[in-house]
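Morning, everyone. Today I want to talk about aromatic rings and a surface patch. Please look at the structure first.

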Amino acid sequence: MASRIAKSAIGAARARPSLLTRTAAPALSTAFTTSSARREAAPQVPQVPQKDPKDAAKSILDSLPGSSLPSKVGILSAGAGLSVAAISNEIYVVNEESIIFLSMLTIYWGVYTYLGPMYKDFSDGYASKIKNILNSAREDHTNAVKSRINNVKDLGGVIDITKDLFAVSKARLRETAQLEAQAYEAEQKTALAAEMKTVLDSWVRYEGQVKQRQQKELAESIIAKITKELENPKTLDQILKQSVADVERILSPDLSDNMASAHKFAKGKLINNPAYKANGLKSYARAAIRYNIKPTIDGPLCAINKVAHQGKFGPGKAVGGRTTMHGHVLAKKDPTSGQTGEVPATDVEENALYLVPVAIGTPAQTLNLDFDTGSSDLWVWSTELPATTTKNAKGHTIFNPTKSSTFEKTASTWKISYGDGSSASGDVGTDTVNIGGLIIKQQAVELAKTLSSSFASGQGDGLLGLAFGSINTVTPKPVATPVENMIAQDDIKPGEELFTAFLSQPTADSFYTFGFIDQDSLGGQTPAYAPVDNSQGFWMFDSASANLNGETIARSGNKAIADTGTTLCLIDDETLAKIYGTIPGAKIDSSQQGWVFPKSTPADTLPSVGFAVGDTVFYVQKADLAFQDLNDGSGNVFGGIQSRGSGQDFDILG
């Protein structure tokens, strides 16, 4: 078999000699050059440790092909034989290239044999190190994943917690939104309040400027008016006399009293009517009857047209006569049927709050008369009244003209009548009248001969009218009033033609004067004067404005009268509504036909109300804003200021 391989190899070499020279020679020279190559290679790896020869031989045998020693020997022998044959037959020629090849092969084999294990150990160690690092990383990652899984398990309730937190957060957001909305609203309110304050401050400044200008104009007007008045010698004389009187009164009270007596000054006391009891509706009915007022506020009282017929009636008498329409008169409505009828005397307040003692006749008979600036008659209860009237006149003083030596009867008559049918009438005489020490001679005294029930129900003994004579009811010719006679008889000196009335609560402090002004009652204030319009017989003056809590209410062209015989203050409905509009709970009570307000209202919260008298504003005391405690379970009081209705175009300041 070996010979066949060798022959085949030789035949192949002959066929391709150049190729064999390059390829086969190294293979054949391997066996011969191995030992020399090993010797040459050994010095190149001195760092490799020397092995035992047995181990080296064994390693060489192990490196040979074959799985057993005989096969390895056979392969080695065949290789050697082939190499020898090749060389001997010049199949392979050992040349320079073969030697280099074998040397390199030997070097590679030595590096592989001796450096390979070291490199293997290094690479295995490095691989092991990398493996350990990777294993450690894998283990750490595994542990981290396990830890994360455990953490996730621990967070098993995170959904519920998240829901709860979301609900809480939602509630907080809602609360936050509400708070922000409230804060924004408060901010807007604050801004609005600041803006309003700015506007109000501007308005106040404007009002201040307007008032300052008005005060300046008023001052200039007053100064001009006073300057003009001072040009009047009569005014200068009056001022001089008043100044002298004031100085005398200050220097000596006794001298002042004596001078007052000598100059016929009069000061008298107004007494309280013990029978008077405040009743708002009755007082309003009295004023409505006296001044022909047509109520504009719904209630028990109303105005109706009254028809009167005069003529001859009966059998055999001619048919005819005259029918007269009396305009509107005061009537009372039935609350159930709505029918109207006369106002009963019991529904009208005929009691005056203030009475003045007046001495009439010689010797003097003292009667308590109603001190009334709204009328101009001096009439008294007299013995000429029918017995049916006088026998029930409890507490009255009845004047008896037959017991007065100075009484003189005249042919005149008098009659006072009102739209509701109430009336008083009688004869007229003259007598001496003493009012507070001031004596008036031959003063007309009207003796009552008939009194309707409304007049008879009053507690006064008559009436002392202090208005102007143009509204006196004596016929055929009106008579001079007491004040006119005081002036005519020089009881009141020229320049001192005046009288005053000081009406206060309690009534014990009330008084009147004729011919002078009581300075003590002024409290150091200067009297204010206003021109009087007596064209209608009243003490009428301009009242072109009102004042409500410091705010002026313009009432252009408005006039007012001062009436001591009226206990209410009656004004127009528009101003009235503004006044009561400032009192919480105030309202119109139809059962009382007027304004009422809670009696629990603190006095200091009631409005400040004033009315102009000429150019001066006089204020109503807050206590007088409540006229009557109704005591009807409503907890309300009847207001002291009420409606003047539509019958009159002027205020009545009672």
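Let me begin with a definition: a patch is made of residues with over 30% relative accessible area and no salt bridge, with like charges joined within 9 Å and nonpolar side chains (Val, Leu, Ile, Met, Phe, Trp, Tyr) within 5 Å. A salt bridge is a side-chain nitrogen of Lys or Arg within 4 Å of a carboxyl oxygen of Asp or Glu. Areas come from the Shrake-Rupley method with a 1.4 Å probe, and for residues only the protein chains shown count as cover.

This is a predicted model: local features need pLDDT of at least 70, side-chain atom pairs count only at pLDDT 80 or more, and totals for chains, interfaces and linings use all residues. Residues are numbered from 1 along each chain as its sequence is written, and side-chain values use heavy atoms, with hydrogens and water left out.

Now the patch. Y119, F122, Y126, I130, I133 and L134 make a nonpolar surface patch of about 670 Å².

Take two of its members. F122 and Y126 both sit in helix α6, four residues apart, about one turn of the helix. Helices here are DSSP runs (H or I, at least four residues), strands likewise (E, at least two), numbered from the N terminus. F122 is exposed at 56% relative accessible area. Y126 is partly exposed at 49%. The cut-offs: buried is under 20%, exposed over 50%, partly exposed in between (1.4 Å probe, protein chains only).

Next, rings. Rings of Phe, Tyr and Trp (its six-membered ring) pair if their centres lie within 6.5 Å; planes under 30 degrees apart are stacked, over 60 edge-to-face, the rest tilted. That rule gives 15 aromatic pairs. The centres of F122 and Y126 are 6.3 Å apart and their planes at 20°, so this pair is stacked.
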